[in-house]
Amino acid sequence: MSKTRRIDEYEWELPIGFVDGMRVPGRVFASRELFDKALADRAAEQVANVATLPGIVGASFAMPDIHWGYGFPIGGVAATDPASDGVLSPGGVGFDIGCGVRLVRTDLTQADLDDSLRELVHALGNQVPRGVGGRGRLPIQGSDIDRVLTEGVAYAIERGAGWSEDGQSCEDLGTLPDADASQVSERAKERGRGQLGSLGAGNHFLEIQIVDAIRERSAAELLGLVEGQVCVMIHSGSRGVGHQTCTDYLRSIDRLGNAFGYAPPDRQLACVPLNHELAESYRGAMNACGNFALANRQVLMDGVRAAFESVFQSSARDLGMQLVYDVSHNLAKLEEHSIDGTPRPVCVHRKGATRAFGPSHPDLPERFRSTGQPVLIPGSMGTSSFVLTGTDAAATKSFSSTCHGAGRAMSRTKAKKQMSGQELRKQLESAGIALARTRWKLLSEEAPYAYKDAEDVVAACEGAGLSRVVARLRPVGVVKG
Amino acid sequence: MNGYEVLEHTADVGLRAHAPDVTSLFEQATRGLCEIAGIWQDGSGTPVEIDVAARDREGLVVDWLNEVLYLHDSQNVAVCSVEVDEVSEERARGRITVRPLSEGAETAIQVKAVTYHQLAVRDTPSGWSATVFFDV
C-alpha cells in the first residue's frame, strides 16, 4: 500500500497503488483531524476502491464528511467518462436515491416561539408521518405513481401540496429531466404508493431552527435569511421506491458477473458501461426516484406549513414561509466538465455529496448568478446546520461538489452504549431543544456525539475552496424520523 | 454453533450468522435481519413463499433477505417464522410467515436494503457462516 500525501492544508492524496487496480489517485478534502478519522475507519480504502472503476476521470474524491459506507464511501464523488468506457454504478448513488435537504424560511423570530414551541413541535410531529412503515400524507392511486416519478414537485403542487413557485427554489427546478417511470419496477412503485409525504426513519428528521449567524450578507439576503429568524429544515429521500429500485438494478448488474472485464474490489461497486442499455434504464429509473424524493420533501413541507398555520392561526403566506432551497445529495448526473482542458459530458456520482455550482456555471438559474448554487448542510440532532453556496473553484477541484452533512463518526451500537435515549432527551431538553414524541430508546443512535462536528466539516469545505458559508442555524425543535 | 452476531459499522449495521447447515444459515440470517429491524414477532402468521435465484450463494443471501424486506415494507407486516427448504448454488426456496405490524409497534432501526459490501458465505469445518451488511 502506497503512503498518503498531504497536498495542502485541506487536501490529501491517496496515490495510485494505495490499493491494487487504481486508475486515478484518490483525493480527500479534509483537515488533518478529519482525514485521520477517514483513515481510522475503512473510508479511505473505499475512496481508493472507487478509483478502480473503469472510465473514472480526474480522481476519486471524498468530501470532509467522509465515512465508511458500502462500496462507495459516504461523501464520495466520482466522474466517469462515457467516451472512455466509463461506467454507471448504482452503489455510487446508494439506496436512498435523491435523498436530500430542504429549508423553509419564515418571518417569525425566536420570540414568537416563546409560548408555542412545544405546541409547534407537537403539531409538526402529528402532521408528518414518520418511522418504519409510516404511511404518507398524500396517498397515490394506481398509475398516478408514474406522474410523481415523472413530474416530481410539479405533481405534488397540482395535488394542492404547495405553491406554484416552490419548484423555482429546487435544484433542477423540482423536476429531474430524463426520468423514465417505465424503468421503475412494479414492486418499487408498490412500495412508493403509500409513502409520499413520509419522513422515514434513521437519520431523517425535521428541525425548527434559528438563524444564529450570517457570514455572507448579500447571499443571505437573496435567500431571504436574516439573523434571529425561524426556519424549518427537512431531511428525507425517496423512501421504499428508491430502496427497491437500487436493489433491483444492483441485482440485475450483479447477475452479469464480471462480463465487462472488471472485477470490483467490493461487490457493491457493481457497475455497467454508461452506453449499456442497463445503464440507460437505471438512469431513467434513478431520475424517476429522484423526482419521488423531491415530491416527498414537497409534501412534507406542505405539512410543515399546515402545522405553522394551525399553531399561529395565520396563513403560511402571511407567515412568509417561502422555500429557501432544496438539494439532493445521492444522485449521478450527466454534466459537462473540463477534462484535460476540454469540456466533456461525464457522469458525476455523488454519494453523500452535494452539487455546488459556482456563480459562473452556465446551468445555474439567473437568480443565483451572483452567489453560486445554495447548498444545505444538516448538522446532527442538537447541533448547528449550515447554508453554503458553491464556488467556481469547485468545478476544477471536485466536479462542483461539496459536503452533505456532519458525517457519522461512531456506530449506532457505540452511540447507544454511551447514553440512553432518555438521558439524551433530558440533555437536549435542558439545552432548550424541544423534541416531538419519538421511540426514545432509539434516540441516542443519532446523538450529536455520534457525528463529526458540522462546523469543522463546512470549515474544511471552505478552506478547500469547495463552498462558502452563508449562514449558521441552530436547532430549537426536533422531529426525528 | 447456531445463531448470529451484530457487526458494527460507522453508519450502517451488519450481521454474521452461523449454522451447521446452509438452510439453517439462511434462517439465522433472516431472524437476525428481522431482529435488527425490530420486525420479528413470535406467533402465528400467514405463510408467504420465497423463491430466489442468483449467480452464487452470496447473491442468494442478498436476494433472500431483500425479499423479506420487500414483504415487510410493501405490506407493513412483521415476520413470525422462517423455514428454508433448499439452498443450492443458484437457488433458495422456502417461506416466512407474516402478520400485520401492530400500530405503534416498537420497531428498531429501519433497514433500507441489504448490500453486497463485504458479503461472504463460507462452508468451514465448524459449520456455515454468512456475513452481510445492511443500509440503515
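Let me begin with chain B of this predicted model, where three strands form an open sheet in the order 3-5-4, with antiparallel pairing. Strand 3 (46–53) and strand 4 (77–87) of chain B are the edge strands, each pairing on one side only. On average, neighbouring strands in this sheet are turned by 25° against each other, direction ignored.

Consider next the pairing of strand 4 with strand 5 (residues 91–100) of chain B, which is antiparallel and extends over nine bridges. Within strand 5 of chain B, Val98(B) is the residue that stands opposite Val79(B).

Two helices of chain B accompany these strands. Helix 1 (residues 22–37) of chain B lies across strand 4 and strand 5, and runs at about 165° to strand 4 of chain B. Helix 2 (residues 57–75) of chain B packs on the sheet and touches strand 3, strand 4 and strand 5; the direction of helix 2 makes about 145° with that of strand 3 of chain B.

I turn now to the interface with chain A. Here 35 residues of chain B are in contact with 45 residues of chain A. About 3800 Å² is buried between the two chains, and carbon and sulfur atoms give 48% of that area.

Six salt bridges are found across this interface. One of them joins Arg267(A) to Asp56(B), with the closest N and O atoms 2.9 Å apart. Polar contacts between chain B and chain A amount to 17 residue pairs.

Which element of chain B gives the largest share of the side that touches chain A? That element is helix 2 of chain B, with nine residues. By class, this side of chain B has 12 nonpolar, 12 polar and 11 charged residues.

Definitions and conventions
Residues numbered from 1 in each chain as written. Chains lettered and ligands numbered in written order. Predicted model: local features only at pLDDT ≥ 70, side-chain atom pairs only at ≥ 80, totals over all residues. Heavy atoms only, no water. Pairing = 2+ DSSP bridges. Helix = DSSP H or I, 4+ residues; strand = E, 2+ residues; numbered from the N terminus. Axes fitted to C-alpha atoms, helices over the stretch in contact; angles between N-to-C directions. Contact = heavy atoms within 4.5 Å. Buried area = accessible area lost by both parts, 1.4 Å probe. Salt bridge = Lys/Arg side-chain N within 4 Å of Asp/Glu carboxyl O. Polar contact = N/O pair within 3.5 Å; in protein donor to acceptor, adjacent residues only side chain to side chain. Nonpolar A, V, L, I, M, F, W, Y, C, P; charged D, E, K, R; others polar.
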